[in-house]
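Visitor: I have a chain open on screen and would like a walk through it. Can we start with the overall picture and then go to particular residues?

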Amino acid sequence: MAMAIGLGGIFITPAGRADAAPSLFTVCGEASDGSKDTAVRDAQKKAVKKALVRLMTEDNPQFQTILSSYRSYAAEPQVFNKKTQNGKLLLFSKVPVDVDAMREAISQSNSIQQDQHRKLKAFFLVRVTGLPSNGDDVAGQEKVLSTYNDTFERLGFQVATKDATFNALAPYRQIPYDAYYQQMVQKVETDPEFMNVTMAVIGEVAVKGKGKEAAGFLREVDVEIKAYDALSKKEIASYSETYELQHKNPKLADEMLLQKAAVNSARAIADQTSTYWQKR
């Protein structure tokens, strides 16, 4: 599918954090009984749910656990319109939600889950191909790997060093993708240097030029990523997508596409991995 680019879990309530500015979410709180308290709670729950879907999918075991504690994260709604419709009270509101606190709770829960599963350590074997020169591929790869490291660390995962990743990827930049994936899996399973790696994220972000049109250069990025559990020897997460962008500056287009691909794939793989470990 092509996408046009645009710019039961354990739950712990975080403590001792520095205050951060909440994010505002616009919702309509409803109360069929006409009660303002009911409408306020409904608005708070809807706002927390809107925030939560940005952090994980609804089938993640933590989703309902955090949602059930929505009042710990949502402040008093800022009502900008109030209506009564067929006996139902409607409060159109902007609700402040402490997204940082939600993210911290997810991170702590993931960390505890990993302690129960041999202290999961993630290794990112994601290569970038197709940029004008090999040096550009390496620079692009560094940005992608940084995004993966940051995304997984925020969710409480332990990650391998980027230097080790670069050393592991260097001999395999030019081989076809299928062969690359199989050789990376074999490396994770048999190489002594990978003995402490319990999960490897393996894949490719491939940049392609599709020619020049009147409005500019048409660029494309194909993303194919899988997470491999070295303990059970099976794939536990996957992400596949194609992004396109037309821009007068092809280099800038490539940078924007790489960023979009890295952020979306890292979030998707991290969320699927978190769900997998919590269900074990």
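**Overview and details**

Guide: The protein chain has seven helices and nine strands. This is a predicted model.

Visitor: How much of the chain is buried?

Guide: Of the 280 residues in the protein chain, 48% are buried.

Visitor: And what does the accessible surface come to?

Guide: The accessible surface of the protein chain is about 13,800 Å², and 48% of that belongs to carbon and sulfur atoms.

Visitor: Let's take a helix. Which residues are buried in α6?

Guide: The buried ones in α6 are Y177, Y180, Y181, M184, V185, K187 and V188. They cover an arc of only 160 degrees around the axis, so they lie on the same side of α6.

Visitor: What is on the face turned away from the buried side of α6?

Guide: That face of α6 carries the exposed residues D178, Q186 and T190.

Visitor: What span should α6 have, and how far apart are its end C-alpha atoms?

Guide: Helix α6 covers residues 177-190, which is 14 residues. At 1.5 Å a residue the helix should span 20 Å, and the end C-alpha atoms are 20 Å apart, so the two agree.

Visitor: Back to the tyrosines. Which charged end sits over the ring of Y180?

Guide: That of R127, 4.2 Å from the centre of the Y180 ring.

Visitor: And over Y181?

Guide: The charged end of K226 sits over the Y181 ring, 5.0 Å from its centre.

Visitor: New topic. How many aromatic pairs are there?

Guide: The structure holds five aromatic pairs. One of them is F124 with F152, an edge-to-face pair at 5.0 Å centre to centre, with 65 degrees between the planes.

Visitor: Where in the chain do F124 and F152 sit?

Guide: F124 is in strand β5 (residues 121-129) and F152 is in helix α4 (residues 134-154). The two are 28 residues apart, and the pair links distant parts of the chain.

Visitor: Are F124 and F152 buried or exposed?

Guide: Both F124 and F152 are buried. Ring pairs also link F124 and F152 with Y148 into a cluster.

Visitor: While we are in β5, what about T129?

Guide: T129 is also found in strand β5. Its relative accessible area is 15%, so T129 is buried, the cut-off being under 20%.

Visitor: What is T129 in contact with?

Guide: Leaving aside neighbours within four places in sequence, T129 is in contact with D137, R173, E204, V205, A206 and V207.

Visitor: Now the backbone. What is the phi of N86?

Guide: N86 has a positive phi of about 50 degrees, although N86 is not a glycine. Most residues other than glycine have a negative phi. N86 lies in the loop between β3 (78-85) and β4 (88-97), and at 83% relative accessibility N86 counts as exposed.

Visitor: What about K233?

Guide: K233 is not a glycine either, and has a positive phi of about 60 degrees. K233 is in the loop between β8 (216-229) and β9 (234-247). At 48% relative accessibility, K233 counts as partly exposed.

Visitor: Last one: where is R103?

Guide: R103 lies in helix α3 (residues 99-115) and counts as partly exposed, at 26% relative accessibility.

Visitor: What is R103 in contact with?

Guide: Apart from neighbours within four places in sequence, R103 is in contact with L55 and R154. The C-alpha atoms of R103 and L52 are separated by 8.9 Å, with the two residues 51 residues apart along the chain.

Terms used. Residues are numbered from 1 along each chain as its sequence is written. This is a predicted model: local features need pLDDT of at least 70, side-chain atom pairs count only at pLDDT 80 or more; totals for chains, interfaces and linings use all residues. Side-chain values use heavy atoms; hydrogens and water are left out. Helices (H or I, at least four residues) and strands (E, at least two) are DSSP runs, numbered from the N terminus. The expected span of a helix is 1.5 Å times one less than its number of residues. Buried means under 20% relative accessible area, exposed over 50%, partly exposed in between (1.4 Å probe, protein chains only). The arc is that of the directions from the helix axis to the C-beta atoms. Rings of Phe, Tyr and Trp (its six-membered ring) pair if their centres lie within 6.5 Å; planes under 30 degrees apart count as stacked, over 60 as edge-to-face and the rest as tilted. A charge sits over a ring if NZ of Lys or CZ of Arg is within 6 Å of the ring centre and within 35 degrees of the ring normal. Contact means heavy atoms within 4.5 Å. Accessible areas come from the Shrake-Rupley method with a 1.4 Å probe; for residues, only the protein chains shown count as cover.
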